[in-house]
Amino acid sequence: MSRPTTAHIRLDAFRHNYRVAKQLHGGKALAVIKANAYGHGALHCAKAIEGEADGFAVACLEEALQLRKADILEPILLLEGFFEAIELPDIVAHDLWIVIHAQWQIDILLKANLSKPLHIWLKMDSGMHRVGLSPDEYAKAYARLKDHKDVATIVLMSHFANADNLDSQHTLQQSEVFHTTIYALNLPVHAQLSLANSAAILGWQKTQVLRERQHQWSRPGIMLYGANPIIQASQALVLKPVMQLTSKIIAIQNIDIGQSIGYGSLFTAARHTKVGVVACGYADGYPRAASTDTPVAVEGTLTRILGRVSMDMLFVDLTDVPNATIGSQVELWGNQVPANAVAKAAATISYELFCNVKRVHFQYYDASNI
Ligand SMILES: *Cc1c(COP(=O)(O)O)cnc(C)c1O
């Protein structure tokens, strides 16, 4: 018998969500599987849409090489490009695409004298002010790169800071900056563009933010894992959750009025309370901040976390789950409990919950031919 804490990963749901992203946006879609596919397992996810995906996006060379070693042949984009010149031979040898987001990268690239020209995605800072060339620098950089012998194609890209907030005007402003700047470049017709992350695909598809999408690349990430990043959305009806995190009840405590449980005695019973102890804690990635009242499901019944989450265990309220017993199945998030609900209770986002999952068993399922 082993510890029952398990992340169940439904690859058919992942494939479904990729198709939804592609269909909502139009054009081509790079499946963003950086950070081990947001904690879901990059190789499994890539294999689930192999032959169908237009390409993949990862954060660095190491993540890309892991995919190439597993014979993934689709285009792979390095979202921050290279960090040092020494990565360029591998980038060329493995046919990787790179984002160019800074002047120092252009300087290195133009001196590199490569054996094969590269596909580059030239990133504009249209208002997020994280990485990317300012609109002024952008025009100059494009002119330097477009006819250079080491540059095969240029995709023009930018990234939104607030697309998850439908009340913010920032997304429209960023789109305006981007489109005005590239208009002045006298691009060839059907130049390739890329703006949309999941939030833009889900929240801004009917607006002027995304134009001529049939010639664009979308870059869906979180939506592929079934979570809707839009702040105002209650549920993501078109998406299917991919990860279900489960464990079991390993002990039961009957607590009298006035007694407290766990570290810091954070929860004190106001009525006779049946408490279940679950084999899952913050060392598995369950957020410690999600103490008392966060939703959880036991044997299919919705209930709540009690007290402080500890490293290997947490408490759930079984008072109104009469059929709960030792060995009962607990869903921390997944189908009945949206990851977004747990994230909200912990003052974070589903992205961070998924990325933090560790130590647990991973079980993969694929109802093929879906
Ligand atoms: C991570 C990332 C994405 C995916 O974002 P989601 O919000 O997960 O859809 C898209 N583009 C870039 C540049 C990214 O870094």
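This is a predicted model: local features need pLDDT of at least 70, side-chain atom pairs count only at pLDDT 80 or more; totals for chains, interfaces and linings use all residues.
**View 1. An open sheet is formed by eight strands.** The strands follow the order β8-β7-β6-β5-β4-β3-β2-β9, and their pairing is parallel. At the edges stand β8 (193-194) and β9, each with a single partner strand, so one side of each is left without a neighbour in the sheet. Strands of a sheet pair through backbone hydrogen bonds, either parallel or antiparallel.

**View 2. Strand β2 (residues 28-32) is largely enclosed by the rest of the structure, because four of its five residues are buried.** Strand β3 (residues 55-58) runs parallel to β2 and is joined to it by three bridges. In this pairing, Ala31 is placed opposite Phe56 of β3. Strand β9 (residues 217-218) also pairs with β2 in the parallel sense, over two bridges. Here Ala29 is found opposite Ser218 of β9.

**View 3. Strands β4 (residues 76-78) and β5 (residues 97-100) run parallel.** Two bridges join β4 to β5. Leu77 has Trp97 of β5 opposite.

**View 4. The largest nonpolar core contains 116 residues.** Ile33, Tyr286 and Trp333 are the residues with the most contacts inside this core. Helix α1 (residues 11-25) contributes the most to the core, giving seven residues. Both domain 1 (11-225) and domain 2 (243-369) supply residues to this core, so the core lies between them.

**View 5. Trp333 has contacts with residues beyond four places away in sequence.** The residues that Trp333 touches include Met243, Gln244 and Leu245, as well as Gly285, Tyr286 and Pro287. Further contacts of Trp333 are with Pro338, Ala339, Val342, Leu353, Phe354 and Val357.

**View 6. Another nonpolar core, of eight residues, lies apart from the largest one.** Among the residues of this other core are Phe267, Ala269, Val277 and Phe315.

**View 7. The largest cavity has a volume of about 40 Å³.** Rolling a probe the size of a water molecule over the atoms shows where empty space is left. The lining of the largest cavity includes Lys123, Met124, Asp125, Ser126, Gly127 and Met128. Arg130, Val131, Ser158, His159 and Gln174 also line the largest cavity.

How values were computed
Residues are numbered from 1 along each chain as its sequence is written. Side-chain values use heavy atoms; hydrogens and water are left out. Buried means under 20% relative accessible area, exposed over 50%, partly exposed in between (1.4 Å probe, protein chains only). Two strands pair if DSSP finds at least two bridges between them. A nonpolar core is a set of buried Ala, Val, Leu, Ile, Met, Phe, Trp, Tyr and Cys residues joined through side-chain atoms within 4.5 Å. Domain bounds come from an automatic or database domain assignment. Contact means heavy atoms within 4.5 Å. On a 1 Å grid over the protein atoms alone, a cavity is a set of points where a 1.4 Å probe fits but cannot get out, and a pocket is an open set with protein on both sides within 12 Å along at least five of seven lines; lining residues have an atom within 4 Å of a point. Grid points are joined across faces, edges and corners, and a volume is the space filled by probe spheres set on the points.
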